[in-house]
Structures are given as structure tokens and as C-alpha cells.
Amino acid sequence: MSTELTSTPAAAARADAWRTPLELTLLGAIWGGSFLFMRVAAPDFGALPLVEARLALGALVLTPFLWRARAQFSVALWLRIAGIAAINSVTPFVLFAWGAERAPAGIGAISNGMTVMFTALVAFGLFGERVGARRLTGLIIGFVGVIILATGRTAGVSVAPAALAGTAASLCYGIGINLVRRYLTPYPPAAIAAAALTTGAVLLAPLAVWNWPHHPLPSASWVSALLLGVVCTGFAFVLYYRLVARIGAPRTSTVTYLIPLFGVIWAWLLLGEPLTMTMAIAGALILAGVALSQQRARRA
């Protein structure tokens with residue numbers, strides 16, 4: 001018996017040594033893939049109907065978590081979640097999908113890397129959290145990367161609108177993450193995610209129905225929308241909250257480094273989208289800025 005007890009922590013540590021990197025890589029690959037699926041489906045669906053499908057399918061996957069915690073959800077809490085969901089889910093999803101109609105998938109994936117830095121900037125501007133010199137430097141480097149990204153062109157067409165839409169979406173994430181931290185942390189995170197997706201789907205439904213495409217949709221777009229909702233939203237949220245519970249938010253947030261990488265790789269492998277020099281330089285600067293911000297966060 002004593003041998004079993006002493007070996008259990010060591011076995012758990014060995015399991016964590018390979019399981020955590022594997023799950024972080026898987027999560028980065030899934031969220032990077034979301035930009036691929038948006039690029040395929042958005043031109044046929046349109047941004048609003050595609051995001052409605054994404055929210056509804058993601059909510060469906062997470063419904064069991066919401067059902068188990070349903071007794072904790074008052075009317076006031078539902079209203080609060082709906083407001084935060086409009087900022088943290090509906091608006092950024094629509095912006096990324098709108099950008100995916102107009103530019104390669106890698107543009108949205110790279111601009112998504114600004115989320116961590118916007119989270120720090122919003123925490124400083126709205127909630128008075130300190131921003132040290134290292135984090136401020138990271139923010140500046142990241143913004144330079146976005147400016148460079150916005151100057152790029154694909155097939156002679158400027159990608160600036162998509163890059164700016166992705167940056168605005170990342171700003172929404174930065175605001176939403178701070179609101180979640182301050183107003184929703186006492187509640188089960190997976191249930192909160194399910195409630196946010198559900199209320200987001202309800203809020204967007206009228207606009208999505210009004211803009212629903214009247215032409216037949218290709219099977220590739222339907223499959224992409226299904227994978228975007230079920231895998232990249234529902235399953236990914238479950239995996240994300242499992243990691244947060246096991247290794248904490250700071251370590252889990254390192255997945256931010258992987259999302260642009262996988263977003264560009266999937267688009268190159270499966271869609272044949274080129275990696276331009278502008279994208280490479282911008283991505284390197286944004287990731288460098290994220291690295292500086294994360295070092296500060298981990299020490300804190």
C-alpha cells in the first residue's frame with residue numbers, strides 16, 4: 001500500500017509531463033484551424049450566419065456543463081453573461097469571420113496574437129492594474145507588428161481591412177477576458193462558457209436569419225461550419241478549461257504562441273495560401289510582444 005501511495009504522485013507528474021504539452025499543442029492546432037474553417041465557409045455563409053452556427057453548435061456541445069450548474073444561474077446572472085458574451089464572443093467572432101471573407105486565413109490568425117497584450121492594456125486602462133516596462137515594450141512591439149501586417153497585399157489586394165478587423169476582435173477579447181475575471185469567476189467556467197455561447201446565439205439569431213444565404217451552400221462550407229462550432233468552439237472550450245483547472249491560467253495562456261503558427265500552417269497545407277514576408281515579419285513581432293507580456297505575467 002505504501003509503495004502505491006508514494007508512486008502515485010510520481011506517476012501523476014510523469015503523466016503531466018507529456019499530457020500538458022500534448023493538450024496545449026492540440027488546443028493551439030484546433031484554434032488555429034478555426035481560421036481555416038472560417039476562410040472556407042465565410043464566403044458562402046456570410047459572417048453573421050456562420051457565427052450563428054458556430055455559437056449554437058458550441059453551446060450544444062457544452063450544454064451538459066450548463067445543465068449541471070443551472071441552479072446557480074439567476075436572471076441577473078443571465079443578463080450579465082449576455083452583455084459580456086456580446087463583447088467576448090459575438091462581436092469578435094463576427095469580425096474574424098468578416099475578415100476571413102476578404103483575406104487569407106493567416107491574417108486573422110496572426111492578428112489574434114494581440115489578445116494577450118490587449119488584455120493587459122485593458123486591465124491597465126479600465127481597472128488600474130500595473131503595466132511594467134517589459135509589458136509596455138511588448139505592447140509597442142505588437143502594435144508595430146499589426147501596422148506591418150496591415151500594409152501587406154495578397155494577389156494585389158490590401159489585407160488591411162481584415163488585419164484591422166482581427167485586431168479589433170482581439171481588443172474585444174481583451175475587454176471580455178477582464179470582464180469575465182471580475183464578474184464571472186465565482187461560477188463554474190465551463191457552464192459560464194456554455195451560457196455565453198447560448199446567449200450569444202440568441203442575441204445574433206435575428207440578424208443571422210435575416211442574412212441567411214438563399215443560394216445552395218457547398219458541402220465543404222457545411223463541414224467547415226460544423227467543425228468550427230463543434231470542435232473549434234465546443235470541444236476546444238472543454239479542453240481549455242481542463243487545462244486551466246490542472247495547470248492554471250498563466251501556463252494555459254501560452255497556447256497564444258501556437259495559434260498563429262497553426263493558423264498559417266493549416267492555410268498553407270490545405271488551402272495553398274502563401275506565407276508572405278510581411279506576414280512573417282508581423283507574426284514574429286506580435287509573438288515577440290506576447291512573449292514579453294507573458295514573462296511578466298508568469299513572474300506575477
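Student: Which helix is S89 found in?

Tutor: Keep in mind that we're looking at a predicted model. Follow the chain to the stretch covering residues 75-100, and you'll find S89 there. That stretch is helix α3.

Student: Is S89 buried or exposed?
Tutor: Let's check its relative accessibility, which is 6%. Buried means under 20%. So S89 counts as buried.

Student: Leaving aside neighbours within four places in sequence, which residues is S89 in contact with?
Tutor: Here we skip the neighbours within four places in sequence. With those set aside, S89 is in contact with L55 and I84.

Student: Which residue forms a salt bridge with E23?
Tutor: Look for the partner whose closest N and O atoms are 3.2 Å apart from E23's. The pair links distant parts of the chain, with E23 in helix α1 and its partner in helix α9, 219 residues apart.

Student: How many residues apart in sequence are the parts tied together by R39 and E273?
Tutor: R39 and E273 form a salt bridge, with the closest N and O atoms 3.3 Å apart. R39 lies in helix α1, and E273 sits in the loop between α11 and α12, so the pair ties together parts of the chain that are 234 residues apart.

Student: Is E273 buried or exposed?
Tutor: The relative accessible area of E273 is 12%. The cut-off for buried is under 20%. So E273 is buried.

Student: What word describes how α2 and α9 lie to each other?
Tutor: Two packed helices are described by the angle between their axes and the distance between the axes. For α2 and α9 the angle is about 40 degrees, and the axes are 8 Å apart. Angles under 35 degrees would count as roughly parallel, and 65 to 115 as roughly perpendicular. So α2 and α9 are oblique.

Student: How many residues of the contact of α2 with α9 are nonpolar?
Tutor: The α2 side includes L50, L57 and F65, and the α9 side includes A225, F235 and V238. Four of the contact residues are polar and one is charged. The nonpolar ones number 13.

Terms used
Residues are numbered from 1 along each chain as its sequence is written. This is a predicted model: local features need pLDDT of at least 70, side-chain atom pairs count only at pLDDT 80 or more; totals for chains, interfaces and linings use all residues. Side-chain values use heavy atoms; hydrogens and water are left out. Helices (H or I, at least four residues) and strands (E, at least two) are DSSP runs, numbered from the N terminus. Buried means under 20% relative accessible area, exposed over 50%, partly exposed in between (1.4 Å probe, protein chains only). Contact means heavy atoms within 4.5 Å. A salt bridge is a side-chain nitrogen of Lys or Arg within 4 Å of a carboxyl oxygen of Asp or Glu. Axes are lines fitted to C-alpha atoms, for helices over the stretch in contact, and angles run from 0 to 180 degrees between N-to-C directions. Angles under 35 degrees count as roughly parallel, over 145 as roughly antiparallel, 65 to 115 as roughly perpendicular and the rest as oblique. Ala, Val, Leu, Ile, Met, Phe, Trp, Tyr, Cys and Pro count as nonpolar, Asp, Glu, Lys and Arg as charged, and the others, Gly among them, as polar.
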